[in-house]
Structures are given as C-alpha cells and as structure tokens.
Amino acid sequence: QQVLSSEISDEDIYIEFMDSRRFNDTPSHRQALVNLYQDKYSQLKPNIIISTDDFALDFLIQYRDEIFPGIPVVYNGIHSDPSKKY
C-alpha cells in the first residue's frame, strides 16, 4: 500500500480483509462474501485486483466472473500446492 500510494491516492486503494483464518470456509460464508462484494462493487469497478493469500485466490477463481467480470487479477503470497493449477 505504501508503494502504491505514491502513484494512487489512498482513497482509491480498497483493501478487503476476508478473515479466513478465523471463520470456517462454509458455503454460507462464501455466499455472504459474494453478496457483500456484489453490493459494494456494483457501482465501483476496480482496475485490478491483487490477491495475497490462498483463500482469496481460490475465492476469486470461483467467483471473479460473477462479481468482477473482466477485471484482471494478480496474485502473490500463496502456498505452493502441486495439486492446484492456477
């Protein structure tokens, strides 16, 4: 965020903390996040999404086209899992 703030104003950087380590990954929890993000970003379309953990990336793989169609995703900070093909 500090590096980006030299190019992008702070009010134009949106951070969503999914808190996936404290909450169980259940279908109802995922659907609540889908509903929240659809509502929050229905009028505001980000230029890019940066994902910084496994849960966020898995969520975006499953729901990006539904919530953020056409928005590019960059990811980092994920654990290497040979069974997954990103």
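One term before we start: a salt bridge here is a side-chain nitrogen of Lys or Arg within 4 Å of a carboxyl oxygen of Asp or Glu.

Some ground rules. You are looking at a predicted model, in which local features need pLDDT of at least 70 and side-chain atom pairs count only at pLDDT 80 or more, while totals for chains, interfaces and linings use all residues. Residues are numbered from 1 along each chain as its sequence is written, and side-chain values use heavy atoms, with hydrogens and water left out.

**The whole chain**

Start with the cartoon view. The protein chain has two helices and two strands, where helices (H or I, at least four residues) and strands (E, at least two) are DSSP runs numbered from the N terminus. Trace the protein chain along its sequence and you get α-β-α-β.

The protein chain exposes about 6,600 Å², with carbon and sulfur atoms supplying 51% of it; accessible areas come from the Shrake-Rupley method with a 1.4 Å probe, and for residues only the protein chains shown count as cover. Of its 86 residues, 24% count as buried. Buried means under 20% relative accessible area, exposed means over 50%, and partly exposed is in between (1.4 Å probe, protein chains only).

How do contacts run along the sequence? Take contacts in the protein chain between residues at least 6 apart: 59% of them join residues at least 24 apart. A contact means heavy atoms within 4.5 Å.

**Into the core**

Next, select Met18, Leu33, Tyr37, Phe59, Ile67 and Phe68. These have the most contacts inside the largest nonpolar core, a group of 14 residues. A nonpolar core is a set of buried Ala, Val, Leu, Ile, Met, Phe, Trp, Tyr and Cys residues joined through side-chain atoms within 4.5 Å. H1 and H2 each supply at least two residues of this core, and H2 gives the most, with six. In soluble globular proteins, nonpolar side chains tend to be buried together.

Zoom in on Met18. Skipping neighbours within four places in sequence, Met18 is in contact with His29, Leu33, Tyr37, Phe55, Ala56 and Phe59.

Then click Tyr37, which sits in helix H1. Leaving out residues up to four places away in sequence, Tyr37 touches Glu16, Met18, Ser42, Phe59, Ile67 and Phe68.

The structure holds four aromatic pairs. Rings of Phe, Tyr and Trp (its six-membered ring) pair if their centres lie within 6.5 Å; planes under 30 degrees apart count as stacked, over 60 as edge-to-face and the rest as tilted. Show the rings of Tyr37 and Phe59: they make an edge-to-face pair, 5.9 Å centre to centre with 85° between the planes. This pair links distant parts of the chain, as Tyr37 is in helix H1 (residues 27–40) and Phe59 in helix H2 (residues 54–67), 22 residues apart. Tyr37 is buried at 5% relative accessible area, and Phe59 is buried at 2%.

For another set of rings, select Tyr14, Tyr41 and Phe68, which form one aromatic cluster.

**Charged stops**

Side chains of opposite charge can pair when their charged atoms come close.

- Arg22 and Asp19: a salt bridge with the closest N and O atoms 3.0 Å apart. Arg22 is exposed at 67%, whereas Asp19 is buried at 14%.
- Asp25 and Arg30: a salt bridge at 2.7 Å, N to O. Asp25 is partly exposed at 45%, and Arg30 is buried at 10%.
- Arg64 and Asp65: a salt bridge with the closest N and O atoms 3.1 Å apart. Arg64 is partly exposed at 25%, while Asp65 is exposed at 58%.

Before leaving, go back to Asp19, in the segment before H1. What is its phi near? The value is near 55°, positive in a residue other than glycine. Most residues other than glycine have a negative phi.

**Last stop: the surface**

Select Leu4, Ile8, Ile48, Ile50 and Val74. They form a nonpolar patch on the surface, with about 390 Å² of accessible area together. Patches are made of residues with over 30% relative accessible area and no salt bridge, with like charges joined within 9 Å and nonpolar side chains (Val, Leu, Ile, Met, Phe, Trp, Tyr) within 5 Å. Ile50 lies in strand E1 (residues 49–51) and is partly exposed at 48%.
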